[in-house]
Amino acid sequence: MAERERVEKAVFEAIDEMNSQLPKGIVIDKSADAALYGTTGKLESLDFVALIVEVETKIQNEFGVDFMLTDENLLSKEKSPFVTVGSLVEHIQDVLEENE
């Protein structure tokens, strides 16, 4: 399985886990353009934090590495990597490549 597919698999598993915990009627879509956070996102701040922790856990399990999504470099990014599912997947790929 290609690295992007593995990242997407882990992110989608985290989304499935979150969807099972969200209030009825609130669902995070598993598509690249699905909004996660911000004005069009469906997650409250605590739900967003729970999703990030779940994604980190899934990535650690899938790739067998210590992995954290948040760091001081995020503050200097012009565009947040947490706006959509696609931007999150791209950010995870970048972080994994930087740590190889």
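This is a predicted model: local features need pLDDT of at least 70, side-chain atom pairs count only at pLDDT 80 or more; totals for chains, interfaces and linings use all residues.

Analyst: Rings of Phe, Tyr and Trp (its six-membered ring) pair if their centres lie within 6.5 Å, and planes under 30 degrees apart count as stacked, over 60 as edge-to-face and the rest as tilted. By that rule there are two aromatic pairs. Residues are numbered from 1 along each chain as its sequence is written, and side-chain values use heavy atoms, with hydrogens and water left out.

User: Are Phe 48 and Phe 82 buried or exposed?

Analyst: Both Phe 48 and Phe 82 are buried, where buried means under 20% relative accessible area, exposed over 50% and partly exposed in between, with a 1.4 Å probe and protein chains only.

User: Which residues form the aromatic cluster?

Analyst: The cluster consists of Tyr 37, Phe 48 and Phe 82.

User: New topic: what does Val 11 touch?

Analyst: Leaving out residues up to four places away in sequence, Val 11 touches Val 55, Val 85, Leu 88, Val 89 and Ile 92, a contact being heavy atoms within 4.5 Å.

User: And how many helices and strands are there?

Analyst: The protein has three helices and zero strands, both being DSSP runs numbered from the N terminus, with helices (H or I) of at least four residues and strands (E) of at least two.
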